[in-house]
Each structure stands twice: as C-alpha cells, then as structure tokens.
Amino acid sequence: ELTPGQGNLGLDLGVLAQGGLSNVLNATPGDISRAKVADQLTPHTSGLKLLLASNHPRESHLSGQVSQYETMVARMSTLGKFVVLDLGDGLPPFVQSLLPLMREIIVVVEGVENTITHTQALIADLIELGMDKNRIYVVLNNRVRSESQMPWAEVQQKLGHSIAAT
C-alpha cells in the first residue's frame, strides 16, 4: 500500500502494526536503506511481507515525498523476486515518478459505466506518460451481484483494452 493515510490492508488482515510506509517516508532519501525498508515489512502467514500504510488521514501529506518513494521502491526491488505496489487511484506525482520503474501495470476495473470511463482515461494517461500499452493489464473485478454489472466482453469492448482476467 503506497497511499499514506489510506491504509486498508492492515485493517482487513487484522494487523495492528500499521504505518511502515510512514516510517520510511518520514526518513530522508539518504537514510532509506535496504535494511530500513526490510525492517518496516510486516510478515503475513501467507509468506508475503507487507509494507502497510496507516489509516490516519493526517499522514496524507507524506504522498508528496517523491524522492523518498523513488528510493524506497529501488530498495524494495532488491528484497523479493516480485514486488507488488498498490498505487491507489489516480496519478499523483509520486505515482508518475514510479512509472518508469514498473515492469507491468495491473489496472482493476468494475463492470459499471463510471469506472469504465475512469479506467479509459487512466489507461490513456498512462500511455501518454510513456507506459507501453502492452504492459498494461486490466483485471475485471465483479464485487456486486453479477446481474447488475456488464459482462466482461462488453466491458472489454467499451474500454477498448483487453481484459486479462476476471
């Protein structure tokens, strides 16, 4: 989770120690070592190690720490075979600065008109910012009753981008 003040994963998993992200972003870029990032990871029973954002809205100002984000992600890339970043929604400056570091982008969409429209704009902006369209994967998430959402083929057609998974 990379959006300070909007942490949900720790709450969902019942993890009490949230805020590893804030601890890293409060450091100077020169103090963000591989060990410092590793120390802020919370182990999960699945084997995953999580860098959790706090749920304290007052910490949202940390999203302006672009240099810290860049350094942190560079250090994280050495800590595992795969690193998955939850970038939240939108394209704030810290996300835009991290895009060149991404091998793949997975965009999650719901099968309703508004999210399809927002996702079209997001994909267009990602491409405009230099992301290769072939490295952007869309996942359709059906969170509500299936009869109230569009079928995946219709979402794909409206979106103008292939759906990699549902």
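Predicted model: local features only at pLDDT ≥ 70, side-chain atom pairs only at ≥ 80, totals over all residues.
Which strands does α7 lie across, and at what angle does it run to β5?

View 1. Residues are numbered from 1 along each chain as its sequence is written, and side-chain values use heavy atoms, with hydrogens and water left out. Here α7 lies across β3, β4 and β5, running at about 140° to β5. Angles go from 0 to 180 degrees between N-to-C directions, with axes fitted to C-alpha atoms, for helices over the stretch in contact. Helices (H or I, at least four residues) and strands (E, at least two) are DSSP runs, numbered from the N terminus.

**View 2. The open sheet.** Three strands line up as β3-β4-β5, with parallel pairing; a pair needs at least two DSSP bridges. β3 and β5 (163-165) sit at the edges with a single partner strand each, so one side of each has no neighbour in the sheet. From one strand to the next, the twist averages 45°.

**View 3. β3 beside β4.** These parallel strands are joined by 5 bridges, and Val 109 stands opposite Leu 140 in β4. Packing on the sheet, α6 touches β3 and β4, and its direction makes about 165° with that of β3.

**View 4. Around Leu 2.** Not counting residues up to four places away in sequence, Leu 2 touches Leu 21, Tyr 69, Met 72, Leu 85, Asp 86, Leu 87, Phe 94 and Leu 98. Contact here is heavy atoms within 4.5 Å.
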